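The sequence and model come first.

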Amino acid sequence: MRKNKNKRQPTKRKTASQTQKSKRPRNDSPKMTEKDSSELTPFEIFFQKIEKFSKLHMKDRDRVQEILQSMQKAGSKTLQVISDFDMTLTRFEYNGKRCPTCHNILERSDVISSDCKKKLQGLLDKYYPIEIDTTLSVEEKLPLMVEWWTKAHELLVNQKIKKDGLAKAVRDSDAKLRDGYKDFFDHLHEHSIPLLIFSAGIGDILEEVIRQSDIFHPNVKGVLKAFKGELIHIYNKREGALLNTGHFQELRTQTNVLLLGDSLGDLNMADGVQDMENILKIGFLNDKVEERKQSYLDSYDIVLIKDESLDVPNAVIRFLTE
Ligand SMILES: Nc1ccn([C@@H]2O[C@H](COP(=O)(O)O)[C@@H](O)[C@H]2O)c(=O)n1
């Protein structure tokens with residue numbers, strides 16, 4: 001890759017969703033910009049800062065504020081981060097060119113025969129438009145996604161790739177983590193905040209990407225697949241999450257979740273979290289923006305449109321750990 005528990009006493013704290021109903025109607029709260037800057041609280045200063053990101057969109061800013069304030073009150077020891085990998089922690093584009101997913105890293109490498117490359121490219125051309133098609137329901141897409149993953153994995157398994165071939169494939173690739181990735185991984189590590197990477201990509205490749213970037217810290221865990229076991233594709237992450245009850249049981253005091261994803265399937269990644277108090281969902285909208293904007297705004301609390309950085313998640317994590 002080219003580089004570019006302490007036990008907490010359970011409290012009867014109200015969650016953001018419980019307090020929400022007692023508040024005044026959504027959009028008649030005074031805008032913070034109307035205040036003199038010397039009167040601003042640390043939270044207001046932080047929130048003004050993130051609102052200035054031009055690529056940041058929210059359907060309900062009051063709700064985002066409530067969640068963030070509730071999460072901050074609970075403290076960073078209650079926080080866990082659950083993130084998708086491809087096109088969420090990695091860049092979608094660089095210098096106008098699409099960046100590869102874990103699958104693409106392998107597909108474009110020397111360890112794959114040219115015949116296999118052609119077939120895999122054919123699968124990508126057929127199934128990726130289906131993955132992002134807004135006119136099809138998840139139920140309609142599901143069998144087709146299983147078909148894509150299964151066919152691609154069969155082709156890859158037949159290539160009999162060796163482990164050292166994977167490291168080379170990553171080294172030679174154009175894969176790039178989003179700008180600010182080092183700050184993201186290092187800061188979570190410094191504050192012992194668990195990071196669960198939940199990916200339908202190729203687990204061995206993903207691990208190699210983060211290893212080669214020197215950010216594979218002990219707080220990073222993965223729900224990933226190589227070519228064995230249950231198939232994880234982008235629309236069955238709920239089932240994947242529910243298979244990982246052991247992990248979520250270990251993190252039962254981390255009841256506040258920051259979720260990062262780039263597809264609507266990623267919204268289910270936190271379904272196994274026990275006794276969840278608050279969840280802030282940040283979604284990266286990378287492709288087919290106009291068609292998909294409304295559904296992302298309806299599903300994610302914060303939507304980052306064509307933002308190739310982790311600046312917003314980093315600002316949120318810094319605020320929650322201050
Ligand atoms: N043969 C395939 C199958 C899937 N993809 C892409 O991988 C992404 C899934 O990984 P996440 O980390 O996002 O869960 C998904 O966006 C597919 O487009 C692929 O490139 N080749």
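L196 has K221 in β6 as its bridge partner. The model is predicted: local features need pLDDT of at least 70, side-chain atom pairs count only at pLDDT 80 or more, and totals for chains, interfaces and linings use all residues. Residues are numbered from 1 along each chain as its sequence is written, and side-chain values use heavy atoms, with hydrogens and water left out.

**Chain overview**

- The chain holds 13 helices and nine strands; these are DSSP runs numbered from the N terminus, with helices being H or I of at least four residues and strands E of at least two.
- Of its 322 residues, 53% count as buried, where buried means under 20% relative accessible area, exposed over 50% and partly exposed in between, with a 1.4 Å probe and protein chains only.

- Seven strands make an open sheet of mixed pairing, in the order β1-β9-β8-β7-β2-β5-β6; two strands pair if DSSP finds at least two bridges between them.
- β1 (56-57) and β6 are the edge strands, and each has a single partner strand, so one side of each lacks a neighbour in the sheet.
- Strand β2 (residues 79-83) runs parallel to β5, with three bridges between them.
- β2 also pairs in the parallel sense with strand β7 (residues 256-261), over five bridges.
- S83 stands opposite I197 in β5, and in β7 the bridge partner of S83 is L260.

**Strand β5**

- Eight of the eight residues of β5 (residues 195-202) are buried, so this strand is largely enclosed by the rest of the structure.
- β5 and strand β6 (residues 220-225) run parallel and are joined by five bridges.
- Together with helix α9 (residues 203-212), β5 and β6 make a right-handed β-α-β unit; right-handed means that, with the strands pointing away from the viewer, the path from the first strand over the helix to the second runs clockwise.

**K237**

- K237 is in helix α10 (residues 237-242).
- K237 counts as buried because its relative accessibility is 0%.
- The side chains of K237 and D266 are joined by a polar contact of 2.9 Å, a term for a pair of N or O atoms within 3.5 Å; within protein, one must be able to donate a hydrogen and the other to accept it, and residues adjacent in sequence count only if both atoms are side-chain atoms.
- Leaving aside residues up to four places away in sequence, K237 touches residues including F198, S199 and A200, as well as D84 and D266; contact means heavy atoms within 4.5 Å.
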